Amino acid sequence: MAAPPDPWRRLAALTPARIGLGRAGTALPTREVLALGLAHARARDAVHLPLDVAAVSARIAALGLEAAQVESAAADRSTYLRRPDLGRRLSHAARAGLAPVPCDLALVVADGLSSAAVHAQAAATIAALMPHAAAAGWSIGPVVVVTQARVALGDEIGEALRARAVAVLIGERPGLSTPDSLGIYLTHAPRVGRTDAERNCISNIQPRGLSPEQAAHRLAWLLREALRRGLSGVALKDESDLIAATAPPPVLS
Amino acid sequence: MPFAQTTGHTRWTFADLAELLAKASPPRSGDALAGLAAQSLEEHAAARMALADLPLRALLDEPVVPYEADEVTRLICDGHDAGAFAPVASMTVGDFREFLLEPSTTGETLAALAPGLTPEMAAAVSKIMRNQDLIAVARKRRVVTRFRNTLGQAGVMSVRLQPNHPTDDPAGVTAAILDGLLYGCGDAVIGINPAGDSLAALGDLVRLVDEVIRRFEIPTQGCVLGHVSSTIELIERGAPVDLVFQSIAGTEGANASFGVNLALLREGRDAALSMKRGTVGDNVMYFETGQGSALSADAHHGVDQQTLEARAYAVARAFEPLLVNTVVGFIGPEYLFDGKQIIRAGLEDHFCGKLLGAPMGCDICHTNHAEADQDDLDSLLTLLAAAGVNFVMGVPGGDDVMLGYQSTSFHDALYAREVFGLRRAPEFEAWLARMALTGADGRLAQAAAGHPLLAAF
């Protein structure tokens, strides 16, 4: 006799959260304990999946953008997990190889804690951004694909490229229901030493969260305001939803 | 001032107080990352011996973060109450541990002492205390706070209902709130971490929670965990804000990385007080903290993460908060590597916060890149329930689908109540009985599909 779900189980259709699970005494039913165990195992595995740099670069190149490949100063996953400082810096070779390409926006695609998120969402999000960039007349620098990377690495890359702003598309820490969620961090006037309070974040780009189009809409709004006001971060509130998230403006041919 | 300790034939020296505290701190990855940890277990043991011999007063006389450079240090030093400190002024750190453990040292003793204690004193003594000491002393000290209900009394453990949704979808958030209420959770606060930080989205969530609370006349409070500056702006725009939230840390630099300083926190508290929405009290602030945030912001001044965490509680207590929540495993394995380190840190944070007079709760949690699992969360929940924690999190199924980490669930809170006989905030307990969500024995009743809470949706 398995413990039944709760009588309000129908509400579970409204959220990916685990509601109406039922209980055995005060505890979770056996099926839920086992389901949670499986989800945890998948999330743990996602942390250790390597980024397929070649495949991601090819999809970016197919959008007509140049893709560059670099790595952080963290040599492997185990070092990366214990040494965030190394994940925020480029390797010596990578730094030497980055020449200035002045642009309005530098895009950085980083594995972060979920390569699965980058595989699934990064190219689609950049594709959705392109019409906004074309309409606004923004120049986009080479897309830098970087492994064993943390958010702040975008500062060093943006500074080296001499970009007016940098957007880091990075795999978020895997959740139990969401092993493939992408985040975007926008920083105006990137340079080494910027703090997190100087960034704007768009999170939860994943099948049951924000779509690539919605994320691109928000990013375009934030970038426009960041360039106009000359800042990003807590002083720049995201009010993009005051403007209807309609289809992006048509590209002039 | 340098310190020295001899163990056998080895003489260990520690250049200053910060080094002594760091090397006496129980091992954790964040201190190793910062290059502050003891190089051997024997050096760690020697540092604890030297620390035990240190007069408590030395921790007052030699600030670990310079007074001139840091407004948190100035808050600590300028606010120190010498009269309250007098009863323990001549003790060493080792004496102080024994004093805390004496049965004659009661909750009242500790409450009277709190204004005389600095966070560095609390951190120092915690470093020579075992887990059982941290539990035994903390459980004596109740820190009671009030807004629409009474939190923190003896025998009470409350729950923050955390109904997060990946896109802040109103129906999804509401469904999770109902699930939590039907499981008897939500007396600490119904607190949402927003996925977006736009003012419009934050305002919508504030109104959503307010409507649920008013519609069912629930004696609890709502909070949307946006940045304090956003919440101030919402208040100016007339949104029904109960509590003002902010993440805080133990140095001026780390707070700056969160985009806050003490003046802004004062402004936030004044704005919340101006709403006059509390019915039984006016504790209007909700703070979150966590070991490692100062190092993460590169603002640690060579001080270990546990000592800096205690300094965050000195910031918190200055604003008479309703809730202070140490989010103990959220920051990741580079600061707290595994279940053992997370459990130790949770007990230290709860002890230090309570000793300083903060209404401590704990988000007992881990990320999926840490070496920890649900068994570790069960262990820390059990230990903190024994220690008298004010509140823990209630996340549906323990899986936060917005923040992507694992915390304690509504079910977990029921477990702790059952094992320790813990009750809910009295006003909320009465509401649950009135709504027939609990039976005569206080246990959860079997809610029917036609319950009024559900019929409305």
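**Close-up views of the chain A and chain B model**

**View 1. Contact between chain A and chain B.** The contact (heavy atoms within 4.5 Å) takes 53 residues from chain A and 66 residues from chain B. In chain A, A:Trp8, A:Arg23 and A:Arg173 lose the most area to chain B, together 16% of what that side buries. About 4,600 Å² is buried between chain A and chain B, with 55% given by carbon and sulfur atoms; buried area is the accessible area (1.4 Å probe) that two parts lose on being put together, summed over both. This is a predicted model, in which local features need pLDDT of at least 70 and side-chain atom pairs count only at pLDDT 80 or more, while totals for chains, interfaces and linings use all residues. Residues are numbered from 1 along each chain as its sequence is written, chains are lettered from A and ligands numbered from 1 in the order in which they are written, and side-chain values use heavy atoms, with hydrogens and water left out.

View 2. Three salt bridges (a side-chain nitrogen of Lys or Arg within 4 Å of a carboxyl oxygen of Asp or Glu) are found between chain A and chain B. The side chains of A:Arg18 and B:Asp399 form a salt bridge, at 2.7 Å from N to O. Helices (H or I, at least four residues) and strands (E, at least two) are DSSP runs, numbered from the N terminus. Elements giving two or more residues to the side of chain A that touches chain B are helix 1 (30-47), helix 3 (77-82), helix 4 (84-87) and strand 6 (199-205) of chain A. Helix 1 of chain A gives the largest share of that side, five residues.

View 3. Strand 9 (residues 285-289) of chain B has five of its five residues buried (under 20% relative accessible area, 1.4 Å probe, protein chains only). B:Met285, B:Phe287 and B:Thr289 point one way, and B:Tyr286 and B:Glu288 the other way. Strands pair if DSSP finds at least two bridges between them. Strand 9 runs parallel to strand 8 (residues 244-247) of chain B, joined by four bridges, and B:Phe287 is the bridge partner of B:Gln246. Four bridges also join strand 9 to the parallel strand 10 (residues 323-327) of chain B, where B:Val324 stands opposite B:Phe287.

**View 4. Strands 10 and 11 of chain B.** These two strands run parallel and are joined by four bridges. B:Met360 in strand 11 is the bridge partner of B:Val324. From strand 11 (residues 360-363), B:Met360 and B:Cys362 point one way and B:Gly361 and B:Asp363 the other, all of them buried.

Key: Buried < 20%, exposed > 50% of the residue type's maximum accessible area, 1.4 Å probe, protein only.
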